[in-house]
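I opened this notebook to keep track of what I looked up, one topic at a time. The entries follow the order in which I went through the model.

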Amino acid sequence: MSAPAYTVRTGTRASRLFGWGLLALLVALVAAPLWADRGMIQDLFFILTMLVLAQFWNLLAGYGGLISIGQQAFVGLGAYAMFGAVIVWGVNPVPAILLGGVAAVLLAIPTAFFAFRLVGAYFAIGTWVIADMARLIVSQWQVVGGGTGTSLPREARADMWGVETIAALFDMRAAAARDVLAYWLALALAIATVAGIYALLRSRQGLALAAVRDNVEAAGAVGVDAKRMRWSIFLVAAFGTGICGALIFLQNARIAPDAAFSVVDWMAYVIFIVVIGGIGRIEGPIVGVLVFFVLQSTLSQFGAWYLMALGLLAITVMLIAPRGLWGVISDRTGLQLFPIQRRLYGGRIAKETP
Amino acid sequence: MTALLETSGLKAGYGDFQALWGVDITLAEGGCAAIIGANGAGKTTLMRAITGVLPCAPGMVRLDGAKIGGQSVDAIAKLGIAMVPEGRKLFPSLSVEENLRIGAYAGRSGPWTLEAVFELFPILREKRAVPGTSLSGGQQQMVAIGRALMANPRVLLCDEISLGLAPVVIRDIYKALPRIREAGASVIVVEQDIAQAMAVADEVHCMIEGRITLSGAPGDLSRDDIHAAYFGVAET
């Protein structure tokens, strides 16, 4: 009869304070063209796009248990679909970004069909093989430059939606305005990605996803359709990764198969970011991408030594703090910026009266 | 009285290895059946076939007369057959409360809510925020039972819920069974402990090598009958 005297909340005090801090940060980021120079805008663009790739890989590997090493297929195909739509059909590059996402999903369907027959390491290798096949096939596509690649046509660059307005608004040259446009799109994509994944993980489906990752059989026993769950997150991750790939190469304005399907740029770095930051947490890739950016801007001049240092650091973190830097911070302080764990408040639970 | 759950000529196995050779059992609405048998008799395989983990022909398992054999695990769960798996199989990354909440995923309404489970096993209310796998064995078993109840099942399958637990803990867990039945679930318990099975069930089925060798109400079966059926000893 009596109403339950408890409430279920997921928020913590830190997460609410963080909410205000986040709002301030977002305002500052949106206004970045006012206070940042062009180099800094490009750096921020790099950080945001790597964050998006890392968030989607974290969704796959950290929450879905799908350790794919073939996400560069979706970066590359998304980028090439955007270039193809611009060059072949004359589509404006900005809406063509969406086509990149669509193309990635179209590739993800057969990829999932074959790769989902494999588990663990075999799944990882299978996705990699499929990604390399995609690279080889795209290299045969002569309209977009075959193996040597091509640039975004001059007229397409000039006509890009919004560039003129931005150039007039900030009184800058068209090239700089294109960077601002790409940056704003990346910021919007990053916000949508983090917010979307957060909403997903807080929902009923988030719990189901965790259940599938923990134990497929037991998840089925409580009514979770594990197969559908895996399919959906694989397709969602492909869509987001494809859009991000298209955006990266829109900013780049030049594409080649080896760069677009680079396993180092779009996979090794992304895994590094997620592992360093903390796999299976939304905060992980955010911490990871900042660490990665600092390392890259200070050490990348050392070439191969830099890559070896990254590898050593990743191994060390995996051994000492398997849940990443954010795992260490969170364990020490109990901080949760994106709380997804539900908590009960109000100690006494009302007695049921018969 | 019509049978709620019925298996007829149920055959199932693992690849080339056939583990069940035509099992017929019926569970009446509101009833409690016990499956007893030694290790390897096929008890767990029977549970796995009923819940859809192992494939079988549609007509071999019926719920309320409808053929459900061989449907997918999640589809069968949504029909209201919930299992407390052997070894509990809690989700290690989820808290006690989340483990219970995920049990309600199938979206069936009924008497079992988070609050009702906390009433049944009060210790879980205290432990609700800790990871499920950090609890003692008995408490984990309570979480596993609670998780299955959250689905508001019509049929609750309990696979060896006393395995590896101290007798006093087993008694506590079995004390919950009458309340679970009162709330409307029909129950099948799989047990190696014959005395425990005889105490709670109104029908006992004994299995050897994938076949039912003896069935009957506990009061009608003599110790010798069960002994013979359990160990496969030829009657003299």
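Entry 1: I was working with a predicted model, in which local features need pLDDT of at least 70 and side-chain atom pairs count only at pLDDT 80 or more, while totals for chains, interfaces and linings use all residues. Residues are numbered from 1 along each chain as its sequence is written, and chains are lettered from A and ligands numbered from 1 in the order in which they are written.

I then found an open sheet of 6 strands in chain B, with mixed pairing and the order β6-β7-β8-β3-β9-β10. Its edge strands, which pair on one side only, are β6 (81–84) and β10 (211–216) of chain B, and from one strand to the next the twist averages 20°. I reminded myself that strands of a sheet pair through backbone hydrogen bonds, either parallel or antiparallel.

**Entry 2: the pairings of β3(B) and β9(B).** I followed β3 (residues 32–37) of chain B to β8 (residues 186–191) of chain B, and the two pair in the parallel sense over 5 bridges; here B:I36 has B:E191 as its bridge partner. β3(B) is also joined to β9(B) by 5 bridges, again running parallel, and B:I35 is the bridge partner of B:H205.

How does β9(B) run relative to β10(B), parallel or antiparallel? These two strands run antiparallel and are joined by 5 bridges, with B:I208 opposite B:R211. They form a hairpin with 2 residues between them, and B:E209 in the turn has a positive phi of about 45°.

For burial I used the count of other C-beta atoms, placed from the backbone, within 10 Å of a residue's own: 20 or more is buried, 12 or fewer is exposed, and in between is partly exposed. In strand β9 (residues 203–208) of chain B, 5 of the 6 residues are buried, so the strand is largely enclosed by the rest of the structure.

Entry 3: I looked next at helix α1 (residues 43–50) of chain B, where 8 of its 8 residues are buried, including B:K43 and B:R48. Just after this helix, B:G52 takes a positive phi of about 90°.

B:L5 lies in strand β1 (residues 3–14) of chain B, and it counts as buried because 24 C-beta neighbours lie inside 10 Å. For contacts I required the C-beta atoms of two residues, placed from the backbone, to lie within 7 Å. Leaving aside neighbours within four places in sequence, B:L5 is in contact with B:L27, B:L63 and B:V155; B:V155 is 150 residues apart from B:L5 along the chain, yet their C-alpha atoms are separated by 7.8 Å.

**Entry 4: chain A.** I turned to chain A, whose secondary structure comes to 17 helices and 4 strands. The radius of gyration (taken over C-alpha atoms) is compared with a globule rule of 2.2 Å times the number of residues to the power 0.38. For chain A the radius is 22 Å, close to the 20 Å that the rule gives for 354 residues, so the chain is as compact as a globular protein of that length. Of these 354 residues, 42% count as buried.

A:Y80 lies in helix α4 (residues 72–89) of chain A, and is buried, with 29 other C-beta atoms within 10 Å. Apart from neighbours within four places in sequence, its contacts are A:V138, A:V144, A:I255 and A:A260. The C-alpha atoms of A:Y80 and A:V138 are separated by 7.9 Å, although the two are 58 residues apart along the chain.

**Entry 5: where the chains meet.** Which numbers of residues does each chain bring to the contact? I noted 22 residues from chain A and 29 residues from chain B. On the chain A side, α10 (204–214), α11 (216–221) and β4 (343–345) each supply at least two residues, and the largest share, 6 residues, comes from α10(A).

Note on methods
Pairing = 2+ DSSP bridges. Axes fitted to C-alpha atoms, helices over the stretch in contact; angles between N-to-C directions.
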